[in-house]
Structures are given as C-alpha cells and as structure tokens.
Amino acid sequence: VVDIRKLYGASGKFTFDPGFLSTAACESKITYIDGDKGELLYRGFPIEQLAVNCDYLETCYLLLNGDLPNEAQRKDFENRVLKHTMIHEQMTRFFAGFRRDAHPMAILVGCVGALSAFYHDSLDIQNPEHRFVSAIRLIAKMPTMVAMAYKYSVGQPFMYPRNDLSYAGNFMRMMFGTPCEEYQVNPVLERALDRILILHADHEQNASTSTVRLAGSSGANPFACIAAGIATLWGPAHGGANEACLVMLGEIQQQGGIEKIGDFIANVKDKNSGVKLMGFGHRVYKNYDPRAKLMRETCYEVLGELGLENDPLFALAMKLEQIALEDEYFVQRKLYPNVDFYSGIVQRALGIPTEMFTCIFALARTVGWIAQWGEMIGEPDQKIGRPRQLFTGSTRREVVPIAQR
Ligand code: ACO
C-alpha cells in the first residue's frame with residue numbers, strides 16, 4: 001500500500017495546473033496584488049503613495065526589511081549600498097569578451113552569475129548577515145553592470161560610479177556621461193527613472209521571481225539565482241514586453257500611424273495571426289494595472305520636460321489604448337494596459353535605447369528577487385521546489401539492440 005501523502009504532500013492531493021494558474025507555491029509577506037481591483041501593495045503600502053513619497057532606495061529598504069526606514073536608517077542603508085557600487089576590476093574583462101552586438105541581457109545573465117566567482121565572502125546562505133551583504137551587493141552593482149553593458153555596446157569607456165549622486169542619477173551618469181565632460185543630471189528625468197525603478201521593484205510570484213525561488217530552493221548562491229531570474233525576465237511575455245511594445249508601436253507608425261490602428265487591432269483579434277497587443281493583458285490584473293496609470297503620468301512629465309508633448313509614438317499609444325479599451329474583444333477578456341505599455345515610451349524619451357529596456361527592468365527587479373529569495377531561505381522548514389508532472393509518454397517497453405532496430 002502506498003501512502004499518497006508521501007507522494008503528494010500532506011494534503012494527499014495531486015493537482016494538475018499548467019502555468020500555475022491556481023497553485024500557490026509559497027507564503028509571502030512582501031507584495032500583495034488585488035488583480036480585480038487593480039491594487040498593488042509593497043509590504044502593505046499602496047504603490048501610488050510609494051511612487052510619490054519615497055525614492056527607490058527607501059523602497060528597497062522596505063522590501064528587504066518589512067517597513068519604511070526613518071532618516072537615520074535610510075542614511076545607513078544608503079551608505080551600505082554606496083560602499084558596494086564598484087565591481088571587481090577583473091569583471092571588466094568579462095564585458096570585453098562579448099561581441100559588441102551581443103544583446104545586453106545576454107551580457108547581464110553572464111556577468112551577474114559571474115559575481116558568484118568574486119564574492120566568496122557572502123555566500124553562506126544560512127548566515128543572515130551574508131544574505132544581507134549579498135542583497136546589498138546586488139542592488140549596488142546592478143546599475144554599474146547595466147551601464148557597462150551599454151557602454152561596451154557603443155564602444156565608449158566604462159564610467160565608474162559617483163557616490164555623491166542619487167541611485168538613479170548615478171546610473172544616468174554612468175549610462176550617458178563620458179570622461180570628457182561633466183554630466184548634469186536633470187532632476188525631472190532623474191525622478192522619472194527613479195519612479196520606473198519603484199514601479200518595477202517587486203510583483204510577487206511572477207515567472208522570474210518564481211524562477212529565483214526555485215533556483216534558490218536547491219541552496220544555489222544568490223548571484224546564480226538572480227542570473228536565473230534575469231534569464232526568465234528576458235522573454236517577450238514577461239520583461240521583454242516593453243521592448244516588444246515599442247517595436248510594435250514603431251511598426252504601426254511606419255505602416256501609417258493612427259489611421260492603421262484599426263487594421264492592427266483586427267490582426268490581433270485574428271487568432272491565426274499570432275499577433276498580440278504588447279503591453280496589454282496580465283495574468284493577475286483583470287483591471288487597469290496601477291503601475292500603467294503612474295507610468296502614463298510619468299510619460300506626460302518627461303515628454304513635457306523635454307518639449308516632446310507631441311511625440312507621435314505617445315499619441316499613437318494613447319489612441320491605441322482608447323480603441324482597445326472600447327473594443328469588445330479586449331473588454332470581454334479584461335485586457336488592460338500593463339506597466340510596459342508606457343514604460344518603453346518614457347525610457348525612449350530618457351535616451352535609453354530599446355535593447356536596454358529589459359536590463360532596466362532587471363535592475364529595478366533585483367531587490368524584489370533578492371527579498372523573495374531571502375524570505376524563502378529564512379523559513380525554518382524551507383524545502384526544495386519540485387513540481388510534479390502528469391506523465392503522458394510511453395508505457396514500459398524493452399530495449400532492442402541497435403542492430404535489430
Ligand atoms: N493581445 C491580444 N490578446 C490577448 C493578449 C494581448 N496582449 N493577452 C491575452 N490575450 C487573449 C488571449 O489570446 C486569450 O484569448 P482566448 O481566451 O480567446 O484564448 C485571453 O486573452 C486570455 O489570455 P491568456 O494568454 O490566457 O492570459 P495569460 O494570463 O496566460 O497571459 C500575458 C498573460 C502573458 C501577460 C498575456 O496577456 C500577454 O502575452 N500579453 C502581451 C505581453 C505583455 O505585455 N507582457 C507583459 C506582462 S506584465 C510584465 O511582465 C511586467
């Protein structure tokens with residue numbers, strides 16, 4: 001007699017749930033989403049309030065520690081992050097080993113994983129201080145590494161971090177500055193980038209976060225786990241959507257712009273076309289993604305600051321949204337814009353090239369990944385993640401030697 005609890009866990013039940021539509025794989029106290037209401041809370045705080053009242057580093061502190069910092073805690077946290085913004089000088093050779101035209105996400109997957117080879121002194125995952133130092137190292141080094149991936153692709157010298165600037169300002173300088181002249185950070189654009197980072201900081205058990213947790217459940221080190229998360233984020237159905245959305249808008253623009261939206265929507269509705277409206281739809285939100293609202297406001301601010309109010313892609317995106325939201329196909333399926341619908345336009349206005357968009361997402365999400373990883377490792381009875389399967393292959397059969405096949 002087989003005790004099915006041994007096979008299928010304490011409940012004794014086996015569930016078949018492809019895509020995990022209704023299976024929770026963990027308990028978490030970090031992020032809450034009410035998909036029907038369109039609500040997103042980090043540690044209980046609404047994203048709308050965090051985006052207005054806090055900066056990204058405060059949000060990182062919140063996600064990692066469970067509450068917002070007071071001024072002294074904020075300063076101490078910032079100092080710890082600033083101490084780690086440099087990467088080991090030998091790491092620069094990793095970047096130089098890639099082809100110049102390599103996708104920056106490919107570079108990021110490799111280089112973040114390679115951090116495990118340099119920071120042996122924080123790899124004891126059972127030690128809470130090691131876990132914290134690894135988290136700080138990742139948050140601190142990601143902007144440096146993302147900017148290096150970009151600088152390498154355009155053939156410019158790497159810019160080293162300047163720790164008197166804000167987290168976002170420092171990143172902008174490393175991306176757009178050169179050693180030849182002093183880079184002036186525009187405060188409106190700096191705030192917009194900081195907001196992009198806040199809005200992307202965590203989103204509970206999405207594909208990349210679940211990957212980080214699964215990788216981490218085997219005891220793998222945090223740098224390797226975050227590299228696995230970056231790999232998962234790269235796909236167009238996840239973090240690659242803002243890049244894909246901007247490409248889509250560009251194509252509609254080329255085909256005739258606003259006048260051609262009707263044809264494009266008809267194509268999306270034709271199931272044989274394989275075309276999706278990128279930046280629309282979400283597994284959890286069956287209402288307007290609250291991040292998309294904030295991103296649309298940020299879009300207005302940034303385009304206004306740069307005198308690009310009449311940006312044709314923004315106008316096209318607004319019209320496309322309006323038409324889709326009135327269309328029965330999208331209404332019936334509860335498809336609304338997600339955060340990526342407008343984030344590409346903002347990033348483009350900030351001067352970030354399209355192929356870097358997903359890297360910015362990875363930079364922002366690193367804190368969410370590492371907070372979720374830390375929460376899991378800190379559990380007293382943490383188990384290795386091991387999904388079951390519904391086997392549909394051949395029944396037992398005998399091997400015939402090759403000469404007789
Ligand atoms: N365009 C057109 N139709 C869509 C879209 C879309 N963007 N999204 C979903 N649908 C349709 C599906 O074809 C399906 O139709 P059906 O019921 O007639 O078969 C129905 O809506 C339900 O969609 P599912 O694919 O079952 O939804 P799921 O939860 O599996 O997928 C996903 C969610 C992957 C985000 C999907 O909406 C999508 O591919 N969107 C475009 C890519 C995108 O913007 N991704 C970013 C997500 S947010 C993020 O990662 C930050």
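Is Phe-20 buried, exposed or partly exposed, and how many C-beta neighbours does Phe-20 have inside 10 Å? With 14 of them, Phe-20 counts as partly exposed, on the scale where a residue is buried if 20 or more other C-beta atoms lie within 10 Å of its own, exposed if 12 or fewer, and partly exposed in between, the C-beta atoms being placed from the backbone.

Before I go on, please keep in mind that this is a predicted model, in which local features need pLDDT of at least 70 and side-chain atom pairs count only at pLDDT 80 or more, whereas totals for chains, interfaces and linings use all residues. Residues are numbered from 1 along each chain as its sequence is written.

Let me stay with Phe-20, which sits in the loop between helix H1 (4-8) and strand S1 (31-34); helices (H or I, at least four residues) and strands (E, at least two) are DSSP runs, numbered from the N terminus. Most residues other than glycine have a negative phi. Phe-20, which is not a glycine, has a positive phi of about 50°, and Lys-334, also a residue other than glycine, has a positive phi near 55°. Lys-334 belongs to the loop between helix H16 (328-332) and H17, and is partly exposed, with 13 other C-beta atoms within 10 Å.

Next, helix H14, residues 290-305. At 1.5 Å a residue, its 16 residues should span 22 Å, and the end C-alpha atoms are 23 Å apart, which agrees; the expected span here is 1.5 Å times one less than the number of residues. Among the buried residues of H14 are Leu-294, Met-295, Thr-298, Cys-299 and Val-302. An α-helix has 3.6 residues a turn, so residues three or four places apart point the same way. The buried residues of H14 pack against strand S2 (39-42) and against helices H2 (47-53), H9 (187-199), H15 (312-326) and H17 (340-349), where two residues are in contact if their C-beta atoms, placed from the backbone, lie within 7 Å. After H14 comes Gly-307, whose phi is positive, near 70°.

In helix H15 we find Lys-319, which is partly exposed, with 15 other C-beta atoms within 10 Å. Leaving aside neighbours within four places in sequence, Lys-319 is in contact with Ile-258 and Ile-261.

Now to a helix pair. The axes of helix H3 (residues 56-65) and helix H4 (residues 71-82) come within 10 Å and cross at roughly 95°, the axes being lines fitted to C-alpha atoms, for helices over the stretch in contact, with angles running from 0 to 180 degrees between N-to-C directions. H3 and H4 are therefore roughly perpendicular to each other, a label that covers 65 to 115 degrees, while angles under 35 count as roughly parallel, over 145 as roughly antiparallel and the rest as oblique. On the H3 side, Leu-57, Glu-58 and Tyr-61 meet Gln-73, Arg-74, Phe-77, Glu-78 and Val-81 of H4. By class, this contact has 4 nonpolar, 1 polar and 3 charged residues, where Ala, Val, Leu, Ile, Met, Phe, Trp, Tyr, Cys and Pro count as nonpolar, Asp, Glu, Lys and Arg as charged, and the others, Gly among them, as polar.

Finally, the ligand. Of the 18 residues around the ligand, Ala-241, Lys-276, Leu-277, Gly-281 and Arg-283 come nearest, a residue being near if its C-beta atom, placed from the backbone, lies within 6 Å of the molecule. The shell divides into 8 nonpolar, 6 polar and 4 charged residues.
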